[in-house]
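Subject: Structure for you to look at

Hi,

Here is the structure I promised. Please open it first, then read my notes below.

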2 protein chains.
Amino acid sequence: MSATPRVIIGLSAVVVAASGKGPEVLLSGAPGAIGLPFGSFDPIGHRTFELAVRDFVTSQTGFALGYVEQLYTFGDKGREAPLADMGQSSDADRVVSVGYIALAGSIDEGQRRAGVWADWYRFFPWEDRRSEAGIRALDLLLPDLKAWATTTERQSRVAMAFGLHGQSWQESQVLDRFELLYEAGLVQEAQRDRAKGQTQAMPPAERTYVGEPLVSDHRRILATAMGRLRAKIRYRPIVFDLAPARFTLSELQDLVEVLCGVKLHKQNFRRTLERSGLVESTGAMHAETGGRPAMLFTRSAVSRQAGATGLSLPLAKR
Amino acid sequence: MSATPRVIIGLSAVVVAASGKGPEVLLSGAPGAIGLPFGSFDPIGHRTFELAVRDFVTSQTGFALGYVEQLYTFGDKGREAPLADMGQSSDADRVVSVGYIALAGSIDEGQRRAGVWADWYRFFPWEDRRSEAGIRALDLLLPDLKAWATTTERQSRVAMAFGLHGQSWQESQVLDRFELLYEAGLVQEAQRDRAKGQTQAMPPAERTYVGEPLVSDHRRILATAMGRLRAKIRYRPIVFDLAPARFTLSELQDLVEVLCGVKLHKQNFRRTLERSGLVESTGAMHAETGGRPAMLFTRSAVSRQAGATGLSLPLAKR
DNA sequence: ACCACTAATACTCAATCTGAGCATTAGTGT
DNA sequence: ACACTAATGCTCAGATTGAGTATTAGTGGT
């Protein structure tokens, strides 16, 4: 049994930060081969995965991570393209990657410039239902998706995932949507992975894709993270790990909206939020917006307790 | 970098089935060294983890799994005791185990006897808040827990996890509770893991423990699975993967109660359930209970859709 | 000092959901 | 026909939501 090829455990981290305008993820790699921060797990040096993740993210990017949570372990053969720059996996090795989500809190311009951050909607334009660009992105994809959906099973999956035919758009089904686009060949990774088996490079595709690709299966990992984060907002107070220490309710709402890609009903958002007891007002005000000054809030002690719930998301009408 | 010790990927499965009276998990191993079904992942033969899990569970136990979901990847050093019967990991190897939950549906007596099934409350008596035995189990532990909680931080963790001081009992915090008991040395694994480093075996403990131990960190894996399952019941219609094809609402309620270890308010349970549209009545009746015959229901098409929600759990008063 | 403008905050109202019970059946066994 | 036992039905008040309308308290000119 010792002739088995090695298994290499890679760790990838989806590090999310909120920077004034939106959710941004930390990237690494050279142009053309951009991916998530990725490190390999050293069975001797690292006692736990989590420590290893904190470790390599900090040493690669200088950030100290706050909240860290294991995401998923990706082990499918064939889905990952070889990571060119790792230089330590031979063909015979099997790379299994344990993905982590980390929330880096709210970062300032300085920190922002220190790392390579990108708005996550660059990779998933269709996930932003608030912007014109997002709506347009989905409109571009839908005809092709529908053309691909030749069976009823496919049709119903598409309808569910993308909220067609009266189904509602579920912001957390990011992965389902990505998987469908992948299967339908509408994201670049699909073509790349198909080509991989062959010796000859495929001719460059005619197709212009919507959304930028990432190295290996990192876009899938990112989709998983987005979905998890969006779902978790509803049942655990994690937004506060992305928000600054003091914030106005509008800022918090903006943050949630941009993470979930949807518009919320303002008055109802504040109402449920204040009732929840997750925030408490500091005395201070914030008057930089040109309107009535807003109260500054902080997360309350309640929000730090183990069983604390998340936010309700009162969607705004059309 | 090629001198690294090998990493071995183990797969462990928490296979849950509902057998008339309660949730049962599939076990394997010899008496005294009971654990979860465990297999090691073969990087060549297995294309995906999920296939590997289905594969080894079926070959080890004869069951075909239904719903399968990845649980967590456990990689902490020191938490796992060596698995005696694996015989393929040398001391230098690092075993990382990817845990899966699988729901085996509703099993009959024949299937039940074919495998080694155990009521999961054998390992977590305190998790059953409906039975006298469960209440008593917790009462036995609380004094020791309180004695251990010397700092305010510990006290508040204990209070949160076990629903003391007005905090409510959260059925899904199974892992938090187990971790606290472990840290407090109130479960057998704690003592075993501490003894592991030493050459001499520790003298047998005087203490009588509440709840049976499992091999390696399998009880922790099981706790994770229970927590996940209990939480998931609320937001995804997974109960139906444990219920028989046709069931009465009382049977379904029983199933949920036993999984979550709490009593529910009957009328309200049926009300929300019927409103949810997750079930639909077959015409048939079931009259074996000695009372008014009950309508037999099935899960509806809605309950199979991607975005379908779970059940609400209207707790019954004291 | 006064006015227009812009967000932030306050209130309202109806439609739903929930928590708790009380009341009515439709079988089974005698 | 009668007692018993679950399964169903119904009711009511209190809390939560979805959607708006109505007031503020600053800011930037004039």
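One definition to start: helices and strands here are DSSP runs, numbered from the N terminus. Keep in mind that this is a predicted model.

**DNA strand C**

Which helix gives the largest share of the surface near DNA strand C? H9(B) does, with three residues. In chain A, helix H8 (249–260), helix H9 (266–276) and strand E8 (294–299) each supply at least two residues. There are 23 residues around DNA strand C. A:Ser250, A:Gly291, A:Arg292, A:Met295 and B:Arg292 come nearest. By type, the residues of this surface are six nonpolar, 13 polar and four charged.

**Two helices in chain A**

Now look at helix H7 (residues 218–235) of chain A. H7(A) packs with H8(A) at an angle of about 140 degrees. Their axes are 9 Å apart. From H7(A), the contact uses A:Leu229, A:Arg230 and A:Ile233. From H8(A), it uses A:Val256, A:Leu259 and A:Cys260. Five residues of this contact are nonpolar, none is polar and one is charged.

**Where the chains meet**

In chain B, 29 residues are in contact with 30 residues of chain A. Strand E1 (7–19), strand E4 (67–74), strand E5 (94–106) and helix H4 (152–162) of chain B each supply at least two residues of that side. The side of chain B that touches chain A has 13 nonpolar, ten polar and six charged residues.

Best wishes

Methods
Residues are numbered from 1 along each chain as its sequence is written. Chains are lettered from A and ligands numbered from 1 in the order in which they are written. This is a predicted model: local features need pLDDT of at least 70, side-chain atom pairs count only at pLDDT 80 or more; totals for chains, interfaces and linings use all residues. A residue is near a molecule or strand if its C-beta atom, placed from the backbone, lies within 6 Å of it. Helices (H or I, at least four residues) and strands (E, at least two) are DSSP runs, numbered from the N terminus. Ala, Val, Leu, Ile, Met, Phe, Trp, Tyr, Cys and Pro count as nonpolar, Asp, Glu, Lys and Arg as charged, and the others, Gly among them, as polar. Axes are lines fitted to C-alpha atoms, for helices over the stretch in contact, and angles run from 0 to 180 degrees between N-to-C directions. Two residues are in contact if their C-beta atoms, placed from the backbone, lie within 7 Å.
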